[in-house]
Amino acid sequence: MNGAPTRLLAEAELSRRGAVIGLGAALLAQPALAQTARMLGAFYDVRGYGAKGDGKAIDSNAINRAIEAATKAGGGTVVVPPGRYLCFSIRLRNNVTIVLSAGAVIEAADPAVHKGAYDEPENDMEEQFQDFGITHVHNSLIYGDGVSNIAIVGRGMIHGLGLNRDGPGDRWHNKPDWKSPKELGITPREARLRDPKERAVIGRANKSIGLRNCRNVVLRDFIVLQGGHFCVIAHGVTNMTIDNLTIDTDRDGIDIDCCRDVRVSNCVVNAPKDDAIVLKSSYALDRKVICEDVTVIGCKTMGYVMGSLLDGTYRKSDYNSVDSVGPLGRIKLGTESNGGFRNIQITNCTCENSRGILMGVVDGGTLEDVIVSDITMRNPVNHPLFIHQAARLRAPAGTTVGKCRRVKFSDINVSGADPRYPCGVAGIVDGPIEDVSFTNIDVTHRGGGTAEDAARVPEDRRVSSLEVSFMGTLPAHGFFARHARRLILREMTFRTDAPDARPTIVLDDVRGAIIEGIVSQRPRATAIDARGSSDITAGDIRSFE
C-alpha cells in the first residue's frame, strides 16, 4: 500500500516539473524522476534502442525505433543523452518530444562517406515555382510530414556536416525551353528524375529540420551549426513556437512558409550567406496559401563568418553575394509571395552587420497589416528598411500583380548605414506601394553623397526579384520613394558624419504624402525633391545647426 502513494506523488512531481521547466527537462535534472518515468513508460532513451553515440555508428535507425515506440504508446519523450550521433533521416511522429541533452550532437551523415542514404524528396509537381530545396522536406536530417504535437527541445546541437548547402533550382513555364510533364506525356516524378541535377541529389539531404502540414510544434533551446540550405523550414504549419534557438550557418536560418500562428522568439541567427529569418508564401504546397499571424520578437540576426557566433569571435564576413553588396543575415518577407502575407509583427529585434529588413511581393499575392517596431540595427550593408513590389510572377500562368499595403515601421535606430542605400519604398506603375508609414526612425551614416548622385535616376525595373540592389546608389541620403500612394514620414532623423549633396527625401511618382518632424543636415528648401508627385504635405522640417 505504501508504494501507491509514493508512485502517485512521483507522477505528480514529474508532471509539475515538466510543466514548469519544459518538456523532458525534469528527466534530465532528476535521476529519481527519470526512474519513475521509465516505470511509467513516458521516456525513451535512444541508447535503449541501439544508439551508440560514438560518432561512428549510424544511429538514425535506433532513434527512429525510439520515436516509433513512443508514438505507438500514445506519445512520449525520446531522450538523446550526451554523445555524437551520426544520422541519416530522422522521422518525427505524432505526440513525440525529442530532448537533446546538453552534450548531445546529432550529426548529419554524408552519403559519400558513410553507408546509407536520406529519404527521397517527396513532392512531384507539374511545375515547381520555387527552388528544389524549398519544395521538399523528406530530404532533411529531421523531418515531420502531417504530424501533430511534436517538439525538439534541449541544449544539445544539430551539426549539419553532411548536408548540401545548395541544389537544383526551379522548373516552371517561364524557363527557357521548359515543357510540362503533361506536354511530355510523362508523370511529374518522371520529369523530375529526367533532370540530372535532381537525380544527383537523391539520397542526400539539404535541410536540418523540415516540416510540412504539421500542427502544434515546439522547437526550443538547441543549437544548429552549419545547417545546410535551410536550418529550419516549415510549410503549412499551424501553431508553432520557435524559441531560444542559436543558429550559426552559411545559408538560411529559419524559413516560415505558408504558415499560420507562429511565434519566433529570442533566437540568435548568424547567416552570412543567406537570410537569417525569412517569411515566404511559396507554391510548395501545390496551391496558394497565405502566411499569416506570425510574430518575430526579441531575436538577433547577423552576418559574421559562420562559426564565429558559437566561438565568440564575431569575425566579419567578406561574402558579397551575387550583387557584390555584402553579407546577408537579414530578416525578410517575400522571397516567394504566391499566397501573400497578413498580420505580421517584427519587434524588439537587433540586426547587426547584415542586410536590412526587406519585404514585398514579386509573385502576386498581397502583403498587408505588417508592423516592424523597436529595432536596433548596426552596420547594415544595404537599405536599412525597404518595401519592394515587382512583377516577376514566378507563379501559375494568369497570376496578376500583387499588392503591398498597410505597413508600419516605428521606433527604429540605425547606425553605421551605407550612404548609398537609404530607407525607402519602390513599387511599379501598376502596383504602387500603399498606405505605409515610417515613424520615429533615426538613421546615421557617413554621408559624402555627390551632386552626381543627387542627379541619378535609378532604374525602374518592373520584372525583378525582391532584392533592389539593381537600383544602385539612390539620389536621396535619407529616404527614397517611387510609385507609392498615401505615404507617411513622421519624426525621422537622418544624421551624416560628412556633408551630403543629395536631398534628404526624394519622391518619384508619389500620390499623397505627409512629411513632418524631419531632421537632417539639409535646410527645408532643399530637403525634399518631389519628382512627378502630387498632394505632398510637408510640415515641420528642420536642419542641424
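The largest cavity has a volume of about 60 Å³. This is a predicted model.

Me: What makes the space of about 60 Å³ a cavity?
Reply: A cavity is a set of points where a 1.4 Å probe fits but cannot get out. The space of about 60 Å³ is classed as a cavity, so by that definition the probe cannot leave it. Its lining consists of His388, Gln389, Ala426, Gly427, Ile428, Glu459, Asp460, Arg461, Phe470, Met471 and Arg482.

Me: How is the lining of the largest cavity divided by class?
Reply: The lining holds 4 nonpolar, 3 polar and 4 charged residues. Gly427 is one of the lining residues, and glycine is counted as polar under the definition.

Me: How many cavities of 30 Å³ or more does a search of the whole structure find?
Reply: The search finds 3 such cavities. The second largest cavity holds about 40 Å³ of space. Phe132, Asn139, Asn164, Asp166, Gly167, Val201, Arg204, Ala205 and Asn206 line the second largest cavity, and by class they comprise 3 nonpolar, 4 polar and 2 charged residues.

Me: Why is the contact between aspartate 110 and arginine 204 called a salt bridge?
Reply: The definition requires a side-chain nitrogen of Lys or Arg within 4 Å of a carboxyl oxygen of Asp or Glu. In this pair the N to O distance is 3.0 Å, so the contact qualifies as a salt bridge. The two residues belong to distant parts of the chain, 94 residues apart.

Me: How do you know whether aspartate 110 and arginine 204 are buried or exposed?
Reply: Buried means under 20% relative accessible area. Aspartate 110 has 19% and is therefore buried; arginine 204, also at 19%, counts as buried.

Me: What makes arginine 355 and glutamate 467 a link between separate parts of the chain?
Reply: Their side chains meet in a salt bridge at 3.2 Å, N to O. Arginine 355 lies in the loop between β24 and β25 and glutamate 467 in the loop between α9 and β31, so the pair ties together parts 112 residues apart in sequence. Arginine 355 is buried because its relative accessibility is 1%, and glutamate 467 counts as buried at 18%.

Me: How close are the N and O atoms of arginine 392 and aspartate 363?
Reply: The closest N and O atoms are 2.7 Å apart, which is within 4 Å, so the pair forms a salt bridge. Aspartate 363 has a relative accessible area of 0% and is therefore buried, and arginine 392 is buried at 19%.

Definitions and conventions. Residues are numbered from 1 along each chain as its sequence is written. This is a predicted model: local features need pLDDT of at least 70, side-chain atom pairs count only at pLDDT 80 or more; totals for chains, interfaces and linings use all residues. Side-chain values use heavy atoms; hydrogens and water are left out. On a 1 Å grid over the protein atoms alone, a cavity is a set of points where a 1.4 Å probe fits but cannot get out, and a pocket is an open set with protein on both sides within 12 Å along at least five of seven lines; lining residues have an atom within 4 Å of a point. Grid points are joined across faces, edges and corners, and a volume is the space filled by probe spheres set on the points. Helices (H or I, at least four residues) and strands (E, at least two) are DSSP runs, numbered from the N terminus. Buried means under 20% relative accessible area, exposed over 50%, partly exposed in between (1.4 Å probe, protein chains only).
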